[in-house]
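Hi,

Here is the structure I promised to pass on.

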Amino acid sequence: MKSDGSRARIPERRCAGCGGRFPKTDLIRLVRGEDGRVAVDNRMRAQSRGTYVCKDPACLKKALKSGRLVSQIGATLDASSEEAVRRAVTGEETLSKD
Ligand SMILES: [Zn+2]
């Protein structure tokens, strides 16, 4: 792959679901949160190890089912973090109701 310095390109990342490569901006970044659970990195700037998934519920489902998503970032996924991830993927607002 040749690097072209004349244009700023959006780096591509691999989706943990379908395995396809897509521009980072088209993916949801998931990281290991401070509490050890899967968290959505909305600001795309957390320094922790992350993984990416398409904004497609089918990809998320696949990534979760295979365990790839969780094992890649070494985090645990419980019902509430799964719900948060699902909302991020489907573009729904995250409602905080604890
Ligand atoms: Zn995908």
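Arg-32 has its bridge partner, Val-38, in strand 4. That strand and strand 3 (residues 27-32) pair in the antiparallel sense over 3 bridges, where pairing requires that DSSP finds at least two bridges between two strands. Helices (H or I, at least four residues) and strands (E, at least two) are DSSP runs, numbered from the N terminus.

Before going further, please note that this is a predicted model: local features need pLDDT of at least 70, side-chain atom pairs count only at pLDDT 80 or more, and totals for chains, interfaces and linings use all residues. Residues are numbered from 1 along each chain as its sequence is written.

Back to the sheet: 3 strands make up an open, antiparallel sheet in the order 4-3-5. Its edge strands, each pairing on one side only, are strand 4 (38-40) and strand 5 (50-54). From one strand to the next, the twist averages 35 degrees. The chain as a whole has 3 helices and 5 strands, running β-β-β-β-β-α-α-α from the N terminus on.

Helix 3 (residues 79-90) lies across strands 3, 4 and 5, at about 30 degrees to strand 4. Axes here are lines fitted to C-alpha atoms, for helices over the stretch in contact, and angles run from 0 to 180 degrees between N-to-C directions. A contact means that two C-beta atoms, placed from the backbone, lie within 7 Å.

What about helix 1 (residues 57-66)? Its buried residues are Cys-59, Leu-60 and Ala-63. Seen down the helix axis, they fall within an arc of 100 degrees, so they line one face of helix 1; the arc is that of the directions from the axis to the C-beta atoms. Ala-58 and Lys-65, on the other side, are exposed. Buried means 20 or more other C-beta atoms within 10 Å of a residue's own, exposed means 12 or fewer, and partly exposed is in between, with C-beta atoms placed from the backbone. The buried residues of helix 1 pack against strand 5, helix 2 (68-73) and helix 3.

Finally, the largest nonpolar core has 21 residues, and Ile-28 and Val-85 are among those with the most contacts inside it. Such a core is a set of buried Ala, Val, Leu, Ile, Met, Phe, Trp, Tyr and Cys residues joined through C-beta atoms within 7 Å. Helix 3 gives the largest share of this core, 4 residues. Leaving aside neighbours within four places in sequence, Ile-28 is in contact with Val-40, Tyr-52, Val-53, Lys-55, Ala-88 and Val-89.

Best wishes
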